[in-house]
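The model comes first, then the notes.

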Amino acid sequence: MSIARTAPATIRAPRPRLSSVAAPARSSHAIPSQRRRVLKVVGLGVLVINAIQLLLHIGLSQSVYQLSHLQHERDALSVQSQLLSEQVDSLSSQQNLANAAASLGMIANANPVFLRIADAKVFGTPTAALDTTGRVAKNNLANASMTENSVLNIQSGASTSSSSSIQQPAPAAAGSYVAAPIATGTQVALPSGVIPASPTH
Amino acid sequence: MRNRTPDPMDLRSRRVRLIVIAVAALFMIRLFDVQVIEAPAINKISVAAREVNQTIQAIRGTIYDSSGKVLAKTVMKYDVNAAPNRVAPVKHTTGGVATEIPVDQVAAQLAGILGVTQADVLAKISGTGAYVNLQKGVSIDAYEQIKALDIPWIWGDPVPSRVYPSGAVAGSLLGFLTSDGTAMGGIESMMNSCLAGVNGSDTYASGRDGIKIPSSVVTRVKAVNGKDVYLTINADLQYFAQQVLTQYWASLQADWATAVVIEVKTGKVLVAADAPTMDPNNPSATAVADRNERVFDSQFEPGSVIKALTAASLIDTGIGNPEMRVIAPFGWVVPGTNGYRVTDSHVHGNDKLTLTGVLRDSSNTGIMQLGQKVPFQTRYNYLTAFGAGKKTAVSFPGESSGLVLPAEQWDQVKKYVSMFGQGFSVTPIQSAMMYQTIANMGVRLQPKLIDGCADVGSKPQDAPIAAGTRVIAATSARTTIDMLEKVVEQGGIGRHAAVPGYRVGGKTGTAQIIDPATGRYGYLHAISFIGMAPAEDPQYVVAVTAFKSRTQSTSLGVTPIFKSIMQQVLRTFRVPPSTTKSANIATEWK
């Protein structure tokens, strides 16, 4: 009640005279400036987003090419790694080691003799390796996958032209694939300086 | 009113409008057709044009020996192909100078790398087709050389293939893969579920240059590579054993020979050697019958090596002792038969031997007279408890169980000749494991060939040794070993198996072989020697057999093989020489 009664008092202003007003035109001019700003921001935003997307797309395409390039490089490297590990496996095969040892003039003694350090006792009768009966003088086991290109035969000039080994035009290059050649006459030493021992029981 | 004349302008615009509407309708129909009705088919064509489906090959696992040496692995090889319709001289520009290599010369270069003749290559590339295979399974280094030639009409398809870097070392044991990757026998078959992987695939859309379109969806099924297998085999020992075995196999002119090395306390198979052996890199070079692992799949009557088991059953039942006496004649008629006479291998008089002496001289007449004191069923039970007639737990592909008939089917002759190893058959692994039982103080273990199956790069932990079964008491085993030492110390043949510095116990075997054609024993023998060292605390059993030896009909043919291998085994594992003497047991009596 009290509100109804006081309200008219506050707006007691001279009543405006009625006049005809032009109907609001259906044009952008009629949009309030605030709405217009929103539209501007949205438009700009869309533009910026599109631009960023474009840039991202370009960047992405570029990295796809880079990725493909790196994948090729990885493939090339894995080919090389396979080549080398195949060669290592083959060179470390028993057949190859036996052949290499034989080509150096080493002979497996079929009659090993043991020496006990504690009391300097010799077990068995020492026999010259060449005289021993039962000596296996040659490699008896086939190995179709064997690479014969090793440090030892490169050095002695007996590098084979086996098709299964990496053939490089220069022998030096072939050698560098395997290992540095060992100079004749120098002692062959292992990196650790000790001869590896098998587990003792 | 109908006679109102329409405005010509109005009429024309209406016609235009109609045409526009009609055309638009047509377009709408077509659009609907394309977008909705034909859409799936069109999409399919479009995707097919852009989509690339790549198989990602799963790599088969590697097989390692006990020291980590690679015995089998998968590498990439290449099928080298050519497009005959594009064959042309190869143009190269180096340093601004263009050179042209004529087709003939290119063919010669290719032939050189592939190891064929120039004519072969020319014949293959002379057609008009778009594809011809020049060679399958070209090694990676040869393929790299071909790639270096930079021939636009040559390309290679990578194909995973199996390589065995050590060749015939453990070749028959490993088995091999056929060219389409199927495992054929050996470890390759046995462990196929561990070694084989599952192929994956990549599906994506690619541009004209073959590069993936960045925003295209990738469907990726990861390839699961195979796992690695670790064997108990020691490749170096295996090589040594095969070397020696092959040499003697050739000089004995035997059908085949096998050697087995067992680690007594674990049952690990350290060596399973055959002669002849297959090189799995080139299986076709070996006869089909020789590609199998004979250690597991051959069976034959073992002969006198079984006398050790008969003696062990005498001791273990308490019926006999190492010095129990017998008069062993050269020939002896099996009781209860119609004069079935068994003789010893060498002519001799009536020898006064102890049980130990019977083993030393490998007397058939002696072992039958003593062994018959143990009831037949008991002896039979000992024989099967030692593992005769049953496949081992390895269950190797094609493994044989040996042939031991049920006890009720044994006739009187079999009941007696079985005491010296005739009338039933065993495999080399079975007979080796019988001696493992004696060497392991009466506890029989299962042979162990696989250390484990593990993901790439992670060696499996040593699995605990499965508990064995006690076959004879530890004291009986000890006594049996003491008796077997006398065979090596004093035996006419046995002493050739002696290893200087070590106490060795073992037994010879010269078994007759039934000729399947006649059903009777032939004149050729299966000669064996099985022994253990060091006898004071046996660590290793070595079992050697040569089947149908022609130049030597007694175990003398295989004792040098046993000696060489045992020596190498003791050296490899650094077993210190024996410091004690063998037990004092009488072999003869007066």
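## Core packing and the disulfide

L449(B) touches L173(B), I187(B), Y230(B), L231(B), T232(B), I233(B), V269(B), F296(B), V394(B) and F396(B), leaving aside residues up to four places away in sequence. Contact here means heavy atoms within 4.5 Å.

This is a predicted model: local features need pLDDT of at least 70 and side-chain atom pairs pLDDT 80 or more, while totals for chains, interfaces and linings use all residues. Residues are numbered from 1 along each chain as its sequence is written, chains are lettered from A and ligands numbered from 1 in the order written, and side-chain values use heavy atoms, without hydrogens and water.

I187(B) and L449(B) have the most contacts inside the largest nonpolar core, a set of 88 residues. Such a core joins buried Ala, Val, Leu, Ile, Met, Phe, Trp, Tyr and Cys residues through side-chain atoms within 4.5 Å. Helix α16 (residues 428–439) of chain B supplies the largest share of this core, 7 residues. A second, separate core has 38 residues, including Y540(B) and F562(B).

The whole structure holds 1 disulfide over all chains, a disulfide being two cysteine sulfur atoms within 2.5 Å. C194(B) pairs with C453(B), S to S 2.0 Å. The pair ties together parts 259 residues apart in sequence, because C194(B) lies in helix α8 and C453(B) in strand β20 of chain B. Helices (H or I, at least four residues) and strands (E, at least two) are DSSP runs, numbered from the N terminus. The S-S torsion is about 100°, so the disulfide is right-handed.

Buried means under 20% relative accessible area, exposed over 50%, partly exposed in between (1.4 Å probe, protein chains only).

| Cysteine | Relative accessibility | Class |
|---|---|---|
| C194(B) | 9% | buried |
| C453(B) | 34% | partly exposed |
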